[in-house]
Amino acid sequence: EKFKFIGKDDHFEDLKLELGTDLFLGNRCAGEMATVLASCKALIDFQKKGFPRWSLSTLATGRPVLFKRGSSLRHYLKEQEGVHTFSGIFEDLSEQLSKLSEQEPKPEHLRKQAMKYHDIKFKAEVKRRLNKILKMDEF
């Protein structure tokens, strides 16, 4: 199989009848998806807005991510090793996937990008910033 659909898939009912339900994994917890994401060639994220949960989970497993140029994911993910964008045109997506085949990004570099959003590190940063703000109010 060349691809799997991850996440909410109610809008794919006709496609499920045509292709079968094996390709549609639906919404699953990160623990269940870790092995799927770790063994994938890349994640193609069509998410338009919000926090890029699946992209960061994929990077955390050491696998690359592609997302549509112009989506709000660019606020979280910078185009660099293992993080690529495509225009939304199938030919461009196909070209980006071919480039991925030629490259082999280092998994530790991809994991490092995802670690910026690790919950413990994120909480510590929020706490530091809040403490700094509170100290400013004391003066």
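**Reading the sheet and its helices**

Modeller: This is a predicted model. Begin with a strand pair. β3 and β4 (residues 65-68) run parallel and are joined by three bridges.

Colleague: How do strands of a sheet pair in general?

Modeller: Strands pair through backbone hydrogen bonds, and the pairing is either parallel or antiparallel. Here is one case to find on screen: Asp45 has Phe67 in β4 as its bridge partner.

Colleague: What joins β4 to β5?

Modeller: Four bridges, and these two strands also run parallel. Look for Lys68, which stands opposite Phe86 in β5.

Colleague: What is the strand order of the open sheet?

Modeller: The order is β3-β4-β5, three strands with parallel pairing. β3 (43-45) and β5 (83-86) are the edge strands, each pairing on one side only. On average, neighbouring strands are turned by 25° against each other, direction ignored.

Colleague: Which strands does helix α3 touch?

Modeller: Helix α3 (residues 53-60) packs on the sheet and touches β3, β4 and β5. The direction of α3 makes about 160° with that of β3. Helix α4 (residues 90-102) also packs on the sheet, with contacts to β3, β4 and β5. For α4, the angle is about 155° with the direction of β5.

Colleague: Is α3 mostly covered or mostly open?

Modeller: Count its buried residues. Six of the eight in α3 are buried, so the helix is mostly covered under a cut-off of 20% relative accessible area. They are Trp54, Ser55, Leu56, Ser57, Thr58 and Leu59. Just after α3, check the backbone: Gly62 has a positive phi of about 90°.

Colleague: Which way do the residues of β5 point?

Modeller: Val83 and Thr85 point one way. His84 and Phe86 point the other way. All four are buried.

**Reading the surface**

Colleague: Why does Ala38 count as partly exposed?

Modeller: Partly exposed is the class between buried, under 20%, and exposed, over 50%. Ala38 has 39% relative accessibility, so it falls in that class. Its place is in helix α2 (residues 30-39).

Colleague: What does Ala38 touch, leaving out residues up to four places away in sequence?

Modeller: Ala38 touches Thr61 and Arg63. Ala38 and Ser98 lie 60 residues apart in sequence and 19 Å apart in space, C-alpha to C-alpha.

Colleague: Which residues make the nonpolar surface patch?

Modeller: Phe122, Val126, Leu130 and Ile133 make it, and the patch is about 360 Å². Take Ile133, which sits in helix α6 (residues 119-138). Ile133 counts as partly exposed because its relative accessibility is 46%.

**Reading the whole chain**

Colleague: How many helices and strands does the protein chain have?

Modeller: Six helices and five strands. Along the sequence, the pattern is β-α-β-α-β-α-β-β-α-α-α.

Colleague: What box do the C-alpha atoms fill?

Modeller: Roughly 65 × 35 × 30 Å, taken along the principal axes. Then turn to cover. Of the 139 residues in the chain, 32% are buried. The accessible surface comes to about 9800 Å², and 57% of that belongs to carbon and sulfur atoms.

Colleague: What share of contacts joins residues at least 24 apart?

Modeller: The share is 39%, among contacts between residues at least 6 apart in sequence.

Notes: Residues are numbered from 1 along each chain as its sequence is written. This is a predicted model: local features need pLDDT of at least 70, side-chain atom pairs count only at pLDDT 80 or more; totals for chains, interfaces and linings use all residues. Side-chain values use heavy atoms; hydrogens and water are left out. Two strands pair if DSSP finds at least two bridges between them. Axes are lines fitted to C-alpha atoms, for helices over the stretch in contact, and angles run from 0 to 180 degrees between N-to-C directions. Contact means heavy atoms within 4.5 Å. Patches are made of residues with over 30% relative accessible area and no salt bridge: like charges are joined within 9 Å, nonpolar side chains (Val, Leu, Ile, Met, Phe, Trp, Tyr) within 5 Å. Accessible areas come from the Shrake-Rupley method with a 1.4 Å probe; for residues, only the protein chains shown count as cover. A salt bridge is a side-chain nitrogen of Lys or Arg within 4 Å of a carboxyl oxygen of Asp or Glu. Buried means under 20% relative accessible area, exposed over 50%, partly exposed in between (1.4 Å probe, protein chains only).
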